[in-house]
Each structure stands twice: as C-alpha cells, then as structure tokens.
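Welcome! Here is a short tour for someone meeting this structure for the first time. Take a look, then read on topic by topic.

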Amino acid sequence: MRAEALKGHLDGLILATLAAGPAHGYAIAQALRTRSDGAFELPEGTLYPALHRLERAGLVASEWSTQAGRRRRTYRLTRAGEQGLADRRREWGILSRAIEAVLA
Amino acid sequence: MSWLGEFEEELRARHVRPAVRECLVAELADHIACEQEASPTQVATQLGAPREIAGQCAEELAAHDARHVAVGAFLALAAAGLVFLVQQATLARTGYPDVNHGYSGALALIAILAFVVGAQVALVCGVLAAWRAVRRWGVPVLPAAEIALLRRRTTIALGAGLVTTTGLLLYVVNFLAVMPAWWLALSGTLAAGATVALAVSLHTLRQGGSTLALAEGPAGDLYDDIPPLRALRPHPLVLWALATLVVGGVVTVAAWHAEHSLVEGLERGGFEVLALSAGFALFGRAIGARR
C-alpha cells in the first residue's frame with residue numbers, strides 16, 4: 001500500500017500503536033509494519049513530523065532518556081490522545097462501512 | 001555525506017530552529033542505530049529521502065509557529081487594549097488635562113495621535129491575523145504565501161500596538177506635573193507592562209518566523225476571511241469607500257453626541273476618514289485587502 005493511500009490516516013495509526021504502550025520512533029515503525037503484515041510502504045522518516053505534530057496538538061507526550069549511550073525520545077498517549085483515538089476509530093468505522101457498501 | 005548529515009543540512013537550509021533541529025537529528029540518529037542493530041547487513045535506511053522528511057518538518061513547524069504567534073500576539077494586543085480602556089476610563093474620572101498644560105503641547109498631540117491611530121490599526125490587523133490563524137488551525141501545512149500573509153498581519157498589528165503603548169507612556173510623561181500620582185502610577189505601570197508584553201510577542205514572531213516555508217498555493221485574502229465581503233474582491237475601492245463612510249459616520253455622530261457640537265463631530269469624523277484612508281493605502285496590500 002503506497003504512502004499516498006495512508007494520507008490522513010497516519011496520525012490515527014500512530015495513536016493506535018501508542019495505545020499499546022509508550023514507544024520510541026523506531027519501535028512505532030516496527031509495530032506499524034508488524035501489525036499491518038508489512039502492507040504499508042511508508043518511508044519511516046515521515047513518522048517523525050507526524051509525531052511532532054501530534055505532540056504539538058497535545059495528543060501525545062514525550063520524554064528523553066539515554067539508552068546504550070544514545071539519546072532516545074519515547075512517546076506516550078495523553079488523555080486527549082486517547083479521546084482522539086476513540087474519535088478516529090469511530091470515524092473510520094463509519095467511513096469503512098460506507099466504502100464497503102459502495103464497493104461491494 | 002551520511003543520511004543524518006544530509007538531513008541536518010536540509011533542516012539548516014530551511015532555517016529550522018537549532019533546538020528543534022537538534023531534537024530531530026537525535027531522534028533519527030537513534031532510529032538509524034536501531035535499524036543497524038536489528039539488521040547489521042542492511043545498507044540503506046528506510047527513513048526515506050532526507051530532503052523530503054526535513055522539508056515536511058519545516059513546513060509543519062512554519063505553519064504552527066505562524067498560527068501560534070498570531071494568536072499570542074492577539075492576546076498581548078488584547079491586554080494592551082485593556083490598558084488603553086483603563087487609562088481612558090480613569091481619565092474620564094479625573095478629567096482630561098488640557099493639551100497645553102503638560103510639558104509640551106506638541107508631545108501631547110503626538111501621543112494622542114499615536115494611541116488613537118495605533119490602536120485602530122492594531123485592532124484590525126490583530127483580529128485579521130488571529131482570525132486567519134483560528135480558521136486554519138490544525139491544518140498541517142499552509143502555503144508559504146499564506147504564512148507570509150499571517151506574519152505580515154501579525155507584524156503590523158504588533159508594531160501598531162507598540163506605537164499605541166508608546167503613545168500612552170508619552171501621554172503619562174507629558175502630564176507628570178498635572179495628573180494625580182495614583183493615575184500616573186497606574187497608567188505608567190500598565191502601559192509599560194503592555195509594552196513589554198508586545199515586545200516579547202514581537203521577539204517570538206521574529207524567532208518563529210525564521211523557518212523557511214516553500215509549499216505552493218495561494219495566500220488568500222481579506223475576502224476569504226470575511227465571506228460576506230467576497231462580492232467586493234474585484235472592487236477594493238468600494239470596500240474602502242464603505243468602510244470610511246460607516247466608520248467616519250459613526251465617529252461623527254458619537255463625537256457630536258458626546259461633545260454636543262456638530263463641528264467637533266465633523267472634525268473627528270473627518271480625521272477618522274483620513275486615518276482609515278491612510279491605513280488602507282499603507283497596509284491594504286500587506287494585509288490582503290487589495291491586490
């Protein structure tokens with residue numbers, strides 16, 4: 001699946017990944033790959049502008065730590081992020097049912 | 001050059017603030033190190049093109065900064081507006097001093113001109129900047145032209161705000177010898193505080209305004225911001241005529257009523273028309289009121 005097709009859904013996918021627990025950028029990329037069975041052909045670097053955007057919107061929060069001598073930024077969902085994820089899941093349910101009804 | 005080196009260069013080329021740049025580079029260095037630990041034989045990173053990732057970061061940062069600074073400036077201007085109202089309300093209680101009873105009649109007139117005209121320019125531009133920022137809140141990437149429009153409106157609003165508070169301070173200084181001490185202390189402190197708030201806001205605008213946005217697209221204009229005015233887009237002079245008629249008329253009637261003098265009303269109304277016309281000529285293009 002091309003990155004273009006994911007436009008508009010990346011934020012929701014990241015929030016859903018973080019719902020399982022805090023993670024750093026690489027771990028989020030791996031979780032997206034694993035959970036989608038490798039369906040997303042996403043340049044992993046595009047996750048970072050999205051993570052920063054979500055943080056500016058208050059949907060995720062981050063903290064820095066040091067792992068194996070290098071700095072690591074770990075993200076977690078905020079309360080607003082949990083609400084945002086619930087909203088996106090609801091919207092996706094409506095959209096996917098509507099598309100399915102038309103395409104079927 | 002390494003992927004990270006190229007990425008950092010691209011961020012620098014887009015004038016991304018050093019603190020943000022450092023965060024992004026550290027995060028992506030960790031990502032690349034994780035990739036290498038997971039598969040040591042992998043040659044290329046799966047991060048994508050450094051220019052595209054850096055560009056996306058810069059575009060989103062520029063849009064975010066422009067919106068936030070516009071809203072922050074509006075809040076600082078609102079505080080300055082409150083100071084202006086408090087000064088005028090307390091002056092109405094103590095009685096307005098005669099312009100010739102201060103240190104200098106000319107200084108008094110300059111101060112009055114500064115806060116009367118400055119406040120109106122700040123109000124119009126500040127509201128337009130904040131309104132555009134709110135309308136486009138949450139849109140990740142804005143066209144570079146639109147970001148430039150937001151910054152211009154914010155800059156003019158803050159500049160006019162500073163002219164206003166400087167006028168208020170000059171007024172206080174001019175009447176040091178004739179006004180009550182409590183009024184001088186209250187007015188001077190509030191005006192100085194508002195000046196500092198506006199100066200801080202202007203500094204933030206200059207810092208946040210450095211990120212280079214390149215996204216294509218139209219800036220939009222005043223007529224996008226206020227849809228009922230769209231029919232006037234091809235005729236900006238009609239907008240100018242209507243605005244001067246309405247504002248000049250309101251000021252004339254209000255001053256006539258307040259001063260019980262039609263001549264006084266016409267003088268103030270005429271001044272308002274002149275000030276509005278000058279503002280339209282000077283800033284109309286910059287704030288998107290005319291092409």
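In chain A, β1(A) and β3(A) run antiparallel and are joined by two bridges. Strands here are DSSP runs of E with at least two residues, helices are runs of H or I with at least four residues, and both are numbered from the N terminus. The model is predicted, so to speak of local features pLDDT must be at least 70, side-chain atom pairs count only at pLDDT 80 or more, and totals for chains, interfaces and linings use all residues. Residues are numbered from 1 along each chain as its sequence is written, while chains are lettered from A and ligands numbered from 1 in the order in which they are written.

**The sheet of chain A**
- Ala23(A) has Tyr75(A) of β3(A) as its bridge partner.
- The open sheet has three strands in the order β1-β3-β2 (chain A), with antiparallel pairing; two strands pair if DSSP finds at least two bridges between them.
- At the edges are β1 (23-24) and β2 (60-67) of chain A, each pairing on one side only.

**Helices of chain A**
- Helix α4(A) lies across β2 and β3 of chain A and runs at about 125 degrees to β2(A).
- Axes are lines fitted to C-alpha atoms, for helices over the stretch in contact, and angles run from 0 to 180 degrees between N-to-C directions.
- Helix α2 (residues 10-18) of chain A packs against α3(A) at an angle of about 100 degrees, with the axes 10 Å apart.
- That makes α2(A) roughly perpendicular to α3(A), a term for angles of 65 to 115 degrees.
- Leu13(A), Ile14(A) and Thr17(A) of α2(A) meet Ile28(A), Ala31(A) and Leu32(A) of α3(A); residues are in contact if their C-beta atoms, placed from the backbone, lie within 7 Å.

**Where chains A and B touch**
- Chain A brings 16 residues to the contact and chain B brings 19 residues.
- On the chain A side, α3 (25-35), α4 (47-56) and β3 (70-77) each supply at least two residues.
- The largest share of that side, five residues, comes from α4(A).

**The domains of chain B**
- The domain assignment, automatic or from a database, gives domain 1 (63-220) and domain 2 (221-291) of chain B.
- Their C-alpha centres lie 20 Å apart.
- In chain B, 14 residues of domain 1 are in contact with ten residues of domain 2.
- On the domain 1 side of this contact, α4(B) gives the most, with eight residues.

Key:
Contact = placed C-beta atoms within 7 Å. Parallel < 35°, antiparallel > 145°, perpendicular 65-115°, else oblique.
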